Amino acid sequence: MATKGPEIREQENINGRNTKPQKDVEEKEEYKYDEGSSTWSFVLLALIFISAVVIMSGVYWTFPKLDKEEADVIKLPKNMDDAKALGTVLSKYKDTYYMTVLIGYFTTYIFLQTFAIPGSIFLSILSGFLFPFPLALFLVCMCSAIGATNCYLLSYLVGRRLVMKYIPERVSEWAATVNRHRDHLFNYILFLRITPFLPNWFINITSPVIDVPVSPFFIGTFFGVAPPSFIAIQAGTTLYQLMTTSDAVSMKSILVLALFAVLSLLPVLFKKKLKEKFE
């Protein structure tokens, strides 16, 4: 049997020593790249948020001069008491500064939806107090669709790595579900917006990650938020009688939402039946 010469063995030892470290270096470089990308995503997201805050500050400064007590309640409502106080001040200035109040409401709602900040339910209720019902419903649906789409685009631009880093299991589970509904995504988004099975912020940030197109996302959101918004706006007409947001929900409203959820699935079921029949 031929034996390996010292030069060959030495070369193999050199190669052996070089191979493993090289692999480790590559893995470390890849890890650093991921961390750097995540850091850059946070920085970019923070810059976008700061820019939005500056815009919101500009909207605030367009308001008429308020006294100290009124200025104190011009803030994002966190409970029904905040919403009532805000509604009182806005209704006082609505007739004289109608467009200012309307634009302020519109931009604030979109701001909350864009950055998934809680509080939009109070604005939905408040719209029923401030505006005529048709306008209030259109405003809430449009603001929800624009804000959710902005959140979608933010996730697409800077949030994909963050989403996959922090909630990969939930994203994978929902991706499998979405793939089963690829042929009727509009109806599926419509159903999800009507029902409380998935939180809206989760739908907004994960949709671009699992390749949900923006068109059915926007249209499905616009029409899907209408039924629950209808209930919130209707409750807003009796704003001062509400103690909590749960007071806006009744058994009748739950049955109405269930009916709309079923109706959103009927076209899908009908399409499947036709397909089975002709096949």
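Tutor: Rings of Phe, Tyr and Trp (its six-membered ring) pair if their centres lie within 6.5 Å; planes under 30 degrees apart count as stacked, over 60 as edge-to-face and the rest as tilted. This is a predicted model, in which local features need pLDDT of at least 70 and side-chain atom pairs count only at pLDDT 80 or more, while totals for chains, interfaces and linings use all residues. Residues are numbered from 1 along each chain as its sequence is written, and side-chain values use heavy atoms, with hydrogens and water left out.

Student: How many aromatic pairs does the structure hold?

Tutor: One of them joins Phe 138 and Phe 222, at 6.2 Å centre to centre and 70° between the planes, which is edge-to-face. The total for the structure is 15 aromatic pairs.

Student: How many residues apart in sequence are the parts that the pair of Phe 138 and Phe 222 ties together?

Tutor: Helices are DSSP runs (H or I, at least four residues), numbered from the N terminus. Phe 138 belongs to helix 6 (residues 133–166) and Phe 222 to helix 10 (residues 214–224), so the parts tied together are apart in sequence by 84 residues.

Student: Is Phe 222 buried or exposed?

Tutor: Buried means under 20% relative accessible area, exposed over 50%, and partly exposed in between (1.4 Å probe, protein chains only). Because its relative accessibility is 16%, Phe 222 counts as buried.

Student: Which residues is Asp 82 in contact with, leaving aside its neighbours within four places in sequence?

Tutor: Asp 82 is placed in helix 3 (residues 80–94). Contact means heavy atoms within 4.5 Å. By that criterion, the residues are Lys 75 and Pro 77.

Conventions. Helices (H or I, at least four residues) and strands (E, at least two) are DSSP runs, numbered from the N terminus.
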